[in-house]
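Hi there,

Here is the structure I promised to pass on. My notes follow below it, so please have the model open while you read.

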Amino acid sequence: MAGILLDVDGVLHVSGHPILGGAKAIARLREDGHRLRFVTNNTTHSRSALAEEIRSFGVVLEDEELQTTPLAAAHALKGKRVLALTMPAIVEDLEGLELVGEGAEAVLLGGADEGFETNRVFSYYNLARAFAELQDGAELYCLHKNRWWQTSRGALLDAGAFVAGLEYAAETEATVLGKPSAAYFAAALDALDYEPERTWMVGDDVEADVGGASAFGLRSVLVRTGKFREEELDEATVKPDGVIDSISALPDWLEARN
């Protein structure tokens, strides 16, 4: 039996609309004896809220099975003074950090939301404040560096643009805490107690999911939902081990491989 890391946005749902057959597929994977862990770069919900949303799709899920980037940040930056440009909903998961407006040791950028909150969090004033802290010696971190994300309205600009802007202006490089970072995949495998070669990453992002998994020695499956674009797959330097139409096809695809 395999260890399986499952992305959430674009694999189980798009803008809160569940992917058809996803809940049945998860149930079948559990019945077949696979060990599951849900891994996401979602930065708009706390872990408890996101787990509840996933359960509303009919998926059986314990909060502890869900690995999020805010929790990774809380672990990596524990005890530090942090200027956090993140959605307010995830602040509860940043336990152990001293959130400050100035005199920061670290600047942390989260991801964008579909609503108007993004305008406030990534305002010029806040980005200029972050730049000043970096100039004074703070280190730059980001929950992810995604260029864009898929919503029911189409592709929307994500926070990677703001991360890249601060890197350019402050002449520094951000530490990425979510996918595709090796530390994020290592934490997921530790939780599953599985070796990389016995683990699959299932995602919709050829760069963060497939590229990150491959660099850490995992096998990967790309779904044709969410962020999937055929042209990006064609141009990718790292290819997935398999491509399926959606999460609903995963149990049969894995069974056929065995």
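First, a term you will need throughout: buried means under 20% relative accessible area, exposed over 50%, and partly exposed in between, with a 1.4 Å probe and protein chains only. Helices (H or I, at least four residues) and strands (E, at least two) are DSSP runs, numbered from the N terminus. This is a predicted model, where local features need pLDDT of at least 70 and side-chain atom pairs count only at pLDDT 80 or more, while totals for chains, interfaces and linings use all residues. Residues are numbered from 1 along each chain as its sequence is written, and side-chain values use heavy atoms, with hydrogens and water left out.

Let me start with helix α10, which spans residues 250-257. Its buried residues are L250, P251, W253 and L254. Viewed down the axis of α10, these fall within an arc of 165° (taken from the directions from the helix axis to the C-beta atoms), so they line one face of the helix. E255 and A256, on the other side of α10, are exposed. What lies over the buried residues? The cover includes β1 (3-6), α1 (22-31), β13 (199-203), β14 (219-223) and β15 (242-244), where contact means heavy atoms within 4.5 Å.

W253 also takes part in one of the two aromatic pairs in the structure. Rings of Phe, Tyr and Trp (its six-membered ring) pair if their centres lie within 6.5 Å; planes under 30 degrees apart count as stacked, over 60 as edge-to-face and the rest as tilted. F122 and F162 form a stacked pair, 4.5 Å centre to centre with 15° between the planes. That pair links distant parts of the chain, 40 residues apart: F122 is in the loop between α4 (117-121) and α5 (124-135), and F162 is in helix α6. F122 is buried at 7% relative accessibility, whereas F162 is partly exposed at 22%. For W200 and W253, the ring centres are 5.3 Å apart and the planes are at 85°, so this pair is edge-to-face. It too joins distant parts of the chain, with W200 in strand β13 and W253 in helix α10, 53 residues apart. Both W200 and W253 are buried.

Helix α6 also holds E167, which is buried with a relative accessible area of 12%. Leaving aside residues up to four places away in sequence, E167 touches L140, K145, T172, E173 and A174.

Now the pockets. On a 1 Å grid over the protein atoms alone, a pocket is an open set of points where a 1.4 Å probe fits, with protein on both sides within 12 Å along at least five of seven lines; lining residues have an atom within 4 Å of a point. Grid points are joined across faces, edges and corners, and a volume is the space filled by probe spheres set on the points.

The largest pocket holds about 470 Å³ of space. Of its 21 lining residues, R147, D205, V206, E207 and A208 lie nearest the centre. Helix α8 gives the largest share of this lining, five residues. The lining divides into eight nonpolar, five polar and eight charged residues (Ala, Val, Leu, Ile, Met, Phe, Trp, Tyr, Cys and Pro count as nonpolar, Asp, Glu, Lys and Arg as charged, and the others, Gly among them, as polar).

The second largest pocket has a volume of about 290 Å³, and α3 provides the largest share of its lining, four residues.

Happy exploring!
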